[in-house]
Amino acid sequence: MINIKDNVLQFEEELNYSLNKEKRKKTSVKVVAVTKNRSVQLTKELVQQGFYHLAENRPEGLLEKQNELNNETIIWHFIGNLQTRKVKKIINEIDFLHSLDRLSLAKEINKRAEDSVRCFVQVNVSGEDSKSGIHPDQLEEFILQLGDYPKISIVGLMTMAPLTDDENRIRTVFSTLRIFQEEIAKKNLPYAPCTELSMGMSGDYQIAIEEGATYIRIGSLFFQD
Ligand SMILES: *Cc1c(COP(=O)(O)O)cnc(C)c1O
């Protein structure tokens with residue numbers, strides 16, 4: 001049996017420990033609950049526990065949850081690969097996109113969005129072939145090119161750490177993303193304030209908080225039994 005309430009209590013205790021250790025305020029980190037592939041019922045229980053940032057990784061999953069939850073206060077995040085042909089289905093339904101990684105996607109968003117869309121540029125910091133995200137060598141040029149698409153607003157950068165037990169490797173990925181984020185923010189581009197860092201998942205969010213994460217994306221921790 002999955003006990004969402006117990007999982008949330010345990011998570012919040014650990015989260016508070018990390019925040020206190022870093023002398024960071026609770027409001028400085030937003031917890032995005034990743035509800036992909038989870039039932040509407042479990043998702044409702046998480047909302048009842050006070051989680052209002054929800055993330056889905058498939059357009060169909062997102063629209064189903066929005067329809068069933070029918071809750072105006074929820075802030076919707078799209079994570080993971082977004083196929084260009086599916087942009088029009090969801091782009092006016094979400095509050096944040098965490099996976100902007102190519103110009104063809106930016107172009108389609110610009111065409112389909114009614115208002116400005118808050119995007120994280122996904123960076124493949126570790127450079128593994130298997131990972132999506134823009135390569136660090138191409139990041140600066142990519143950010144500059146995004147200035148051609150007025151509907152795109154770059155709120156920050158996002159990354160996924162490699163699947164490894166090597167804490168130092170994970171930490172290096174997060175601290176590197178932060179360096180990139182600060183470099184972009186310093187440019188003072190009107191369309192790219194780039195103040196936010198979306199990094200850290202169930203297995204590595206404590207390291208991410210130590211390295212400056214402002215959005216952590218937590219799924220499996222909430223749903224373990
Ligand atoms: C699934 C997923 C998460 C959540 O991962 P957990 O390990 O379940 O916490 C975070 N970010 C992305 C992009 C994901 O696809």
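These legends describe an overall view and close-up views of a predicted model. Local features need pLDDT of at least 70 and side-chain atom pairs count only at pLDDT 80 or more, while totals for chains, interfaces and linings use all residues. Residues are numbered from 1 along each chain as its sequence is written, and side-chain values use heavy atoms, without hydrogens and water.

View 1. Helices (H or I, at least four residues) and strands (E, at least two) are DSSP runs, numbered from the N terminus. The C-alpha trace spans about 50 × 40 × 30 Å along its principal axes. Of the 225 residues, 49% count as buried, meaning under 20% relative accessible area with a 1.4 Å probe, protein chains only.

**View 2. The tilted pair of Phe96 and Phe120.** Rings of Phe, Tyr and Trp (its six-membered ring) pair if their centres lie within 6.5 Å; planes under 30 degrees apart count as stacked, over 60 as edge-to-face and the rest as tilted. Here the distance is 6.2 Å centre to centre, with 40 degrees between the planes. Phe96 lies in strand 4 (residues 96-100) and Phe120 in strand 5 (residues 117-122), so the pair ties together parts 24 residues apart in sequence. Both Phe96 and Phe120 are buried.

**View 3. The edge-to-face pair of Phe120 and Tyr215.** The ring centres are 5.4 Å apart and the planes stand at 75 degrees. Because Phe120 lies in strand 5 and Tyr215 in strand 8 (residues 215-218), this pair ties together parts 95 residues apart in sequence. Tyr215 counts as buried at 6% relative accessibility, and Phe120 at 0%.

**View 4. An aromatic cluster.** Phe11, Phe51, Tyr205 and Phe222 form one such cluster.

Technical notes: Buried < 20%, exposed > 50% of the residue type's maximum accessible area, 1.4 Å probe, protein only.
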